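Take a first look at the chain below.

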Amino acid sequence: MSTNEERREAARRKLEDRLEHERRAARQRTLSVIAVAGVFVLALAAVGGFFWYRSWDNSRHTECTYEDAPVDFAKTIQQIQEQLKAAPAEQKAAGEALLKSLQEGAPKQRSSPKPESRTLNTGTVNFDLATNKGDVPIELDRSKAACNVNAIAALANNDYYNDTSCHRLSQSKTLSILQCGDPTHTGMGGPGWHSPDENPTGLKEVPMDPRMAQLGMNEQAVVYPRGTVAIANSNDAQQGRANTGSAQFFIVTKDTQLTPTLAVVGKVSEKGMKVVDEVAEGGIAPAPGSSPEDGYPKIPLEIKKATAEDAA
């Protein structure tokens with residue numbers, strides 16, 4: 001038979017065991033709560049990080065719309081042939097020269113896949129033209145015209161510009177450019193689609209001529225600086241024609257006055273401008289419908305190969 005002391009000792013041990021069990025259970029509950037809270041915090045951080053990254057990534061991209069724009073040489077040639085039948089004698093020579101140019105250019109027409117619609121809007125692209133007169137390095141700036149820079153890069157990477165010649169040289173008091181990017185050498189060629197307008201900002205405005213303003217010709221002109229590379233287009237506000245740029249680009253050989261409706265995509269390096277200057281200094285050769293200030297370059301600039309890659 002146990003003594004009172006033994007009974008008390010057994011009761012004490014039983015109480016300590018129960019208390020220790022309760023302490024272990026309490027610690028386990030605390031650890032479980034901490035673990036669940038940690039998982040919850042990590043989940044919140046992951047979700048927040050995802051949305052932050054998506055917002056940041058969207059902010060550095062632009063969505064571009066490239067519209068189908070097939071080039072129909074056959075239709076244009078047929079129209080000119082019909083017009084020539086009724087044209088006055090003094091206009092036939094010019095019309096026949098234009099017709100011959102289009103007939104020779106039509107077989108050289110080529111197409112290129114549309115660029116991806118989503119593109120970066122920051123950073124630069126090295127657009128290099130290997131020509132018969134030497135390399136013409138151009139730095140394209142996505143922040144100035146993301147969709148048109150994307151278009152130029154895509155065309156270069158699909159060999160659209162390879163083995164083409166610059167087809168237009170203009171040299172007047174207000175317009176001095178060398179235009180390239182048309183495989184047909186007619187000014188009519190295109191890749192089968194148009195890129196969206198991206199009007200430049202920050203260019204120096206030309207003072208308005210009061211006489212022109214009185215005649216209702218108050219469209220603001222700006223200065224496109226020498227070395228600028230911009231996209232040619234056939235926009236016409238009066239006819240509601242817009243977003244007509246694509247593959248053809250021009251290099252400004254001297255500060256030039258134009259309306260701010262031609263997307264600025266980049267700038268030619270000093271090395272490249274030496275090549276462009278040589279062509280410009282060679283002067284202008286007659287072209288169908290041309291003038292002494294606007295025609296073919298007498299010194300051909302042939303683009304052997306064009307490459308485009310993101311700058312490091």
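What follows is a walk through the chain, from the whole fold to single residues.

Keep one thing in mind at the start: this is a predicted model. The chain has 312 residues, and 36% of them are buried. It holds six helices and 17 strands. Its accessible surface is about 18,500 Å². Carbon and sulfur atoms account for 53% of that surface.

Strands of a sheet pair through backbone hydrogen bonds.

Strand β15 covers residues 284-285 and is joined to β16 by two bridges. These two strands run antiparallel. Here Ile 284 sits opposite Pro 297 of β16. Next comes β7, residues 168-171, which also has two bridges to β16. That pair is antiparallel as well. Within it, Leu 169 has Gly 295 of β16 as its bridge partner. In it, Ile 177 faces Val 252 of β12.

How many residues line the largest pocket? The lining has 40 residues. Nearest the centre lie His 167, Gln 179, Gly 187, Met 188 and Gln 248. Four elements each give at least two residues to this lining: α3 (89-105), β8 (176-180), β9 (193-194) and β16 (294-297). By type, the lining has 18 nonpolar, 20 polar and two charged residues.

One cavity of 30 Å³ or more is counted. The largest cavity holds about 50 Å³ of space. Its lining includes Asn 148, Ser 195, Pro 196, Asp 197 and Glu 198. Ile 231, Asn 233, Gly 245, Thr 261 and Ala 263 belong to that lining too. The lining divides into three nonpolar, five polar and two charged residues.

Next, look at the backbone at two places. Most residues other than glycine have a negative phi. Asp 163 is not a glycine, yet its phi is positive, about 60°. Asp 163 lies in the loop between α4 (146-157) and β6. Is this residue buried or exposed? Asp 163 counts as exposed because its relative accessibility is 61%, and the cut-off for exposed is over 50%. His 185 also has a positive phi, about 65°, without being a glycine. His 185 is placed in the loop between β8 and β9. At 24% relative accessibility, His 185 is partly exposed.

Asp 128 belongs to strand β4, residues 124-131. Its relative accessible area is 32%, so Asp 128 is partly exposed. Which residues does Asp 128 touch, leaving out those up to four places away in sequence? They are Val 136, Pro 137, Ile 138, Lys 305, Ala 306 and Thr 307. Asp 128 and Ala 308 are 180 residues apart in sequence. In space, their C-alpha atoms are 6.5 Å apart.

Arg 118 is in strand β3, residues 118-120. With 35% relative accessibility, Arg 118 is partly exposed. Setting aside neighbours within four places in sequence, Arg 118 contacts Asp 57, Asn 58, His 61, Thr 62 and Glu 63. Ala 146 is 28 residues from Arg 118 in sequence. The C-alpha atoms of Arg 118 and Ala 146 are 9.6 Å apart.

Methods:
Residues are numbered from 1 along each chain as its sequence is written. This is a predicted model: local features need pLDDT of at least 70, side-chain atom pairs count only at pLDDT 80 or more; totals for chains, interfaces and linings use all residues. Side-chain values use heavy atoms; hydrogens and water are left out. On a 1 Å grid over the protein atoms alone, a cavity is a set of points where a 1.4 Å probe fits but cannot get out, and a pocket is an open set with protein on both sides within 12 Å along at least five of seven lines; lining residues have an atom within 4 Å of a point. Ala, Val, Leu, Ile, Met, Phe, Trp, Tyr, Cys and Pro count as nonpolar, Asp, Glu, Lys and Arg as charged, and the others, Gly among them, as polar. Buried means under 20% relative accessible area, exposed over 50%, partly exposed in between (1.4 Å probe, protein chains only). Accessible areas come from the Shrake-Rupley method with a 1.4 Å probe; for residues, only the protein chains shown count as cover. Grid points are joined across faces, edges and corners, and a volume is the space filled by probe spheres set on the points. Two strands pair if DSSP finds at least two bridges between them. Contact means heavy atoms within 4.5 Å.
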